[in-house]
Structures are given as C-alpha cells and as structure tokens.
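Me: I would like to go through this model with you, beginning with the sheet. Could you set out the terms as we go?

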Amino acid sequence: MRIVFMGTPEFAVPSLEVLCDDHHVVAVVTQPDRRSGRGQKYTPSPVKKVALAQEIPVLQPESIGSPEVMDQLQTYEADLFVVVAFGQKLPDRLLTMARYGCVNVHSSLLPKYRGASPINAAILQGDTITGVTTMYMASGWDTGDIILQREEPILPRDTAGELHDRLMIVGAQLLRETVEQIASGQAPRIPQDHEAASFAFKLSKKDSLVDFRESATQLDRLIRGMNPWPVAYTYVGEELVKILEAYPSDEKGAPGEILAQEGQGLLVGCKEGSLLLLKLQRPNAKAVSGVDFANGLRLCIGDFLR
C-alpha cells in the first residue's frame, strides 16, 4: 500500500517504522525544524530523522492547508494517509484525497479525552485504564469513526512519560493491524458517541502549579501527570522550584507546612494528607533529594512552602 505519513514527535516514530516495514511510505510530512537546546539550534523532528534515514521524501510545511502543499500531496497518489501526532489540523480536502481516506492514531479510548493531552488527562483524572484508538479522520477534532481500540492499564506510580512510552508501542501495533484490515476490506467503522465525549486541551506551564490547598491525592496525580512536561512546580519565597517526584502520605498538617524529614524526602502538609517530596530542582541547578533541597535553603520543620 502507498502511504503518506504525517507525524512529528517521538510518539509517532514506532508507527512510522511499522509502516516502513510493511508498506511503501512514499512521503513523510512533519513540522518545520524548531530551535531547541541551550544553543537554540534548529533541530529536526524525531519523525524527520527516521524518514531521512529511510531515504523517504520529507515535506515540512508551515501550513498543511496551503494550495501548493495540497497539490504536491496529490501527486503521490497515496492509497492512505496516516496521521500520528502531527500537530496541525488537516483540511477537508486532504481527508478524501487518498483511496482509503485518512487514518489517525490517538492515545485514548475515544470518545474519552479528545484533544491534545489525553495521556496527561488520564493520569490527572485518576483513571486506571486508558488505551489507543485508530479512527478515520473527520472534520472535527478526534470525531471520526473508530476502527480499532486497545486498552492499556495505568500503573499506580505511572508518570505521563512512562505511560506515553508504552502507548506509542501499543499504538504502532494497533496501526499495523488497522492498515492490514483496511487493505483487506475488513476494517470496521464504529461511529463515536458524541454525547459521551470528554476533552483534554493543550497544556501550558501554568496548569502544573502545585497548590498545597488541594489534597495529596490530587497533587500526586498532578506531579505524575505533568512529568516530563510541563513539570509540576511550587514556590519557595519568590523562587520557582520544580517537583519531579513525590509520594502521597496520610500524615496531616497545615497546607504547605514542612512536617518532617523522612529518609531523603521532605514531608509537606496538604488540604488532605501530605506529600513526601522526593526530588526537586531549583533554577539552573541539578535535581536533588527533598532533604538536600531543604538543607540548601536552610528550611526547617514548621516552615512553609507557598
């Protein structure tokens, strides 16, 4: 099958590799190179690196909907477009350009958590099961007919990063099965229940503020759900401090109060229960244990984090 693949981040890489093994990927569309790192050098996306290694033509449009890009994609005479975390909304013309349409891999069990951050949302909401959906793309965000779904358990201490890494493998495996069924004419089309839909909107750094006036359970989910990005944080005085690892406790205390040092952790009160802060990071410094963090700022039991 002739396939045009559209994707950008690491999550999309296993899916592209599966398609390269099984089919003829005639082109890859990915986001333009972006500045990153301390040197702010232009860096190709993970998907672009794989495409170049496979000697696949790469398109990097600022806008996928421009007439020039649409005309170029038409020339590939693709049987199928596959989209995995591409990062741009596709125009309606593209949805029907290929023989079998346009298929997307989405990291939730749709219609739950449509949108940009379904993995984070599943952890933030305390879900114990999530999964991956393949679907035919439609005009709305993640509203198309479902093809296949596969569940994946969320482990009690999962971070968003750990769950992401498992789901990208599950997604690639499900995509392989999906494309096989499309090619054989056996792929189902299951309309979504739009009334049951929920949404996971794009995250920003302000969403990851740790407010100790919330329960320890909620904050534990927040810290895990925002790891590795945008990373949970709090303030000590005016200094922003990242919280990389913590664990909920039943100990009681005033919200934000340092209650004790336990092992290498720093126990801090919450609205309900407390959090044992295990790994923190000050600006322009390496991550340290809770105890080393407190010693560095000369914090004592009875002091308050904001």
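Reply: Two strands pair if DSSP finds at least two bridges between them. Helices (H or I, at least four residues) and strands (E, at least two) are DSSP runs, numbered from the N terminus. This is a predicted model, in which local features need pLDDT of at least 70, side-chain atom pairs count only at pLDDT 80 or more, and totals for chains, interfaces and linings use all residues. Residues are numbered from 1 along each chain as its sequence is written, and side-chain values use heavy atoms, with hydrogens and water left out.

Me: In what order do the seven strands of the open sheet run?
Reply: The order is β5-β2-β1-β6-β7-β9-β10, with mixed pairing. β5 (58-59) and β10 (146-153) each have a single partner strand, so one side of each is left without a neighbour in the sheet.

Me: Which residue of β5 is the bridge partner of Val29?
Reply: That partner is Leu59. Strand β2 (residues 24-29) pairs with β5 in the parallel sense, over two bridges.

Me: And how many bridges join β7 to β9?
Reply: Four bridges join β9 to strand β7 (residues 102-106), and the two run antiparallel. Val103 stands opposite Tyr136 in β9. β9 also pairs with β10, in the antiparallel sense over seven bridges, and there Val132 faces Arg150 of β10.

Me: How many residues of β9 are buried?
Reply: Seven of the eight residues in strand β9 (residues 129-136) are buried. Buried means under 20% relative accessible area, exposed over 50%, and partly exposed in between (1.4 Å probe, protein chains only).

Me: Changing topic: is Thr234 buried or exposed?
Reply: Thr234 is buried, with a relative accessible area of 1%. This residue lies in strand β12 (residues 233-236).

Me: What is Thr234 in contact with, leaving aside neighbours within four places in sequence?
Reply: Its contacts (heavy atoms within 4.5 Å) are Leu209, Val210, Phe212, Glu239, Leu240, Val241, Ile243 and Arg306.

Me: Now the helices. At what angle do α1 and α2 pack?
Reply: Helix α1 (residues 13-22) and helix α2 (residues 46-53) pack at about 20 degrees, with axes 9 Å apart. Axes are lines fitted to C-alpha atoms, for helices over the stretch in contact, and angles run from 0 to 180 degrees between N-to-C directions. α1 and α2 are therefore roughly parallel to each other; angles under 35 degrees count as such, over 145 as roughly antiparallel, 65 to 115 as roughly perpendicular and the rest as oblique.

Me: Which residues meet there?
Reply: Val13, Leu16 and Glu17 in α1 meet Pro46, Val47, Val50 and Ala51 in α2.
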